[in-house]
Amino acid sequence: MHEPTPTVFVVDDDNAVRNSLRLLLKSVGLASQPLGSAAEFLETYRPSQPGCLVLDVRMPGMSGLELQRELNLRGATIPVIFITGHGDIPMAVEAMQQGAFDFLAKPFRDQELIDRVQRALAKDGTTRAALTERERIRERLESLTPREREVLSLMTQGKPNKIMAHELGVSQRTVEIHRARVMEKSGASSLAQLVRMVMDQEPENAAG
Amino acid sequence: MPNALTPPSAPRPEPGSQSETVPEAPASGPGATLHGRMLQVSRLATIGEMAAGVAHELNQPLTAIANYAQACDRLLARPAANLEDIHTALREIAAQAVRAGDILRRLRSLARSQPMRRERADINAVIEEISDLLTADARAHRGVLTFDLTPALPPISIDSVQLQHVIVNLVRNGLEAQSDAVPGTRELRLTTGLSADGEVEITISDNGPGLSPQALERLFDPFFSTKPEGTGLGLAISNTVVRAHDGSLGHRPNQPCGACFFIRLPPERGV
């Protein structure tokens, strides 16, 4: 699958700050999109777009922290790097508790920002890959017939074929055929891997 | 522009009506010197309080300058440097340095101590000179300040710097009165207009909780403050300054909530 180029979204109400960041990111070959408000970002951003978010804490209207909360509510996984004027330690703590990727005080050394942006983009890539893999497995498990799903459930409970046959009221031979189909369709190479795949589909084990 | 001072839904109380609080004239004599010294103290205190807001505001151009300069450095290190980008960055660096200087210059003009020097002035122009500073201060307090200035008001004879100091002080009071409000609902309005008596009137109204009857009674007393860290000098000094301009400073409840402070100044004589 072809992934679009990662974009660094820069959200700051100060025109000069966001345009200077755009040029700084451009100077190291990173594509960015400067936006003047949290609302503009919410309008523009599509979860399918890989990237990271460089976000000013203090803005009129929706603040950076409020935007972060909104993104969390929507289940967005885009890593957020906060930038702020000094003296905002309580805000920094709150942002990190809400799952911010990192925090930088303005003005900052270019290398500090670039390093963080690159690490955030790498993290976004990992998260996306994990989500894609999970999605792929979900599709495979959904291709199982109702009967195969029953067998899968009993398999992950560690039940032997003989018990399964009894519980399902079919022959052991039939159970063996279903088992083989489950392994084939899921693409799992072992029972252990199959159990892992099923566990990863549980919402509380979701990646990101 | 509609005259914001007489909204049809909330008629303004007549001057001297019960809901308005206007302090008695301060005693003349030695007290006047004390007020002069207090003016100095208060001015420094307000500047100290504003420093935090100004620091944040100065950070913006400084951040932009640092980013542009570092970007230039990196762009120039590339084999085929894009000169257009570098030119843009250099022009922006210069513009941002001027912006930072402007912020400091405005702060300094407020801090300067000098005897009262009255000159003929247009109140709207006086307010526009500090509108960026006020807006920045409001932003630092996560509030929104709107201006509603009535054009073509009669000229007044004032010491602009001193009057600007009073306005900054009243705006800051209004912002701090709303510190418990949800960010985004902190709204402050600054208007100019003509009072029923033909005086030039400046109003600063907030959406805060308003003032208790106890606070109203002592509002203009020196060292009385409703703020934990307040010096209690702001309004007392502001009142002294406005009186020295033959004007009056008062309070009335804002509609539907909050406080409204007004300054009334007589038009320049002989116009």
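Phe41(A) and Tyr45(A) are both buried in this predicted model. Their rings form a stacked pair, with the centres 5.0 Å apart and 15° between the planes. Over all chains, the structure holds four aromatic pairs. Another of them is Phe82(A) with Phe103(A), tilted this time, at 6.0 Å centre to centre and 35° between the planes. That pair ties together distant parts of the chain: Phe82(A) sits in strand S4 (residues 80-84) of chain A and Phe103(A) in strand S5 of chain A, 21 residues apart. Phe82(A) and Phe103(A) are buried as well.

Next comes the meeting of the two chains. Here 30 residues of chain A are in contact with 25 residues of chain B. The size of an interface is often quoted as the accessible area lost when the parts come together. For chain A and chain B the buried area is about 2,300 Å², and carbon and sulfur atoms give 50% of that. On the chain A side, Leu23(A), Ser27(A) and Arg58(A) supply 24% of the area buried against chain B, more than any other three residues.

What about polar links across the interface? Between the two chains there are 12 residue pairs in polar contact, counting pairs with both residues at pLDDT 80 or more. Helix H1 (15-27) and helix H5 (110-142) of chain A each put at least two residues into the side of chain A that touches chain B. The largest share of that side, nine residues, comes from H1(A). Sorted by class, the side of chain A that touches chain B splits into 11 nonpolar, nine polar and 10 charged residues.

Side chains of opposite charge can pair up when their charged atoms come close. Between chain A and chain B the count is four salt bridges. One of the bridges joins Arg99(B) to Asp14(A), with the closest N and O atoms 2.5 Å apart. Asp13(A) bridges to Arg139(B), with a closest N to O distance of 2.7 Å. Asp13(A) lies in the loop between strand S1 (7-11) and H1 of chain A, while Arg139(B) is in helix H4 (residues 131-140) of chain B, so this pair joins two chains. Arg139(B) counts as partly exposed, at 21% relative accessibility.

Arg136(A) and Glu133(A) form a salt bridge whose closest N and O atoms are 2.2 Å apart. Because they are three residues apart in helix H5 of chain A, about one helical turn separates Arg136(A) and Glu133(A). Arg136(A) is partly exposed with a relative accessible area of 39%, and Glu133(A) is partly exposed at 33%. Glu142(A) and Arg138(A) also meet in a salt bridge, 2.6 Å from N to O. Both lie in helix H5 of chain A, four residues apart, or about one turn of the helix. Glu142(A) is partly exposed at 46% relative accessibility, and Arg138(A) is partly exposed at 31%. Shared partners also build a network: salt bridges join Glu148(A), Arg181(A), Glu184(A) and Lys185(A) into one.

Now for the backbone. Most residues other than glycine have a negative phi, and most peptide bonds are trans. A few spots in the model go the other way. Lys106(A) and Pro107(A) are joined by a cis peptide bond, with omega about -15°, and Pro107(A) lies in the loop between strand S5 (102-105) and H5 of chain A. In chain B, the bond from Gln255(B) to Pro256(B) is cis, with omega near 0°. Pro256(B) is in the loop between strand S6 (248-253) and strand S7 (259-265) of chain B.

As for phi, Ala152(B) has a positive value near 55° without being a glycine. Ala152(B) lies in the loop between strand S2 (144-149) and strand S3 (156-158) of chain B, and it is exposed, at 80% relative accessibility. Asp246(B), not a glycine either, has a positive phi of about 65°. Asp246(B) is in the loop between helix H7 (234-244) and S6 of chain B, and is partly exposed with a relative accessible area of 46%.

Lastly, Ile156(B) belongs to strand S3 of chain B and is buried, at 1% relative accessibility. Neighbours within four places in sequence aside, Ile156(B) has contacts that include Ile123(B), Val200(B) and Leu265(B).

Methods
Residues numbered from 1 in each chain as written. Chains lettered and ligands numbered in written order. Predicted model: local features only at pLDDT ≥ 70, side-chain atom pairs only at ≥ 80, totals over all residues. Heavy atoms only, no water. Contact = heavy atoms within 4.5 Å. Buried area = accessible area lost by both parts, 1.4 Å probe. Salt bridge = Lys/Arg side-chain N within 4 Å of Asp/Glu carboxyl O. Polar contact = N/O pair within 3.5 Å; in protein donor to acceptor, adjacent residues only side chain to side chain. Nonpolar A, V, L, I, M, F, W, Y, C, P; charged D, E, K, R; others polar. Buried < 20%, exposed > 50% of the residue type's maximum accessible area, 1.4 Å probe, protein only. Phe/Tyr/Trp six-rings, centres within 6.5 Å; stacked < 30°, edge-to-face > 60°.
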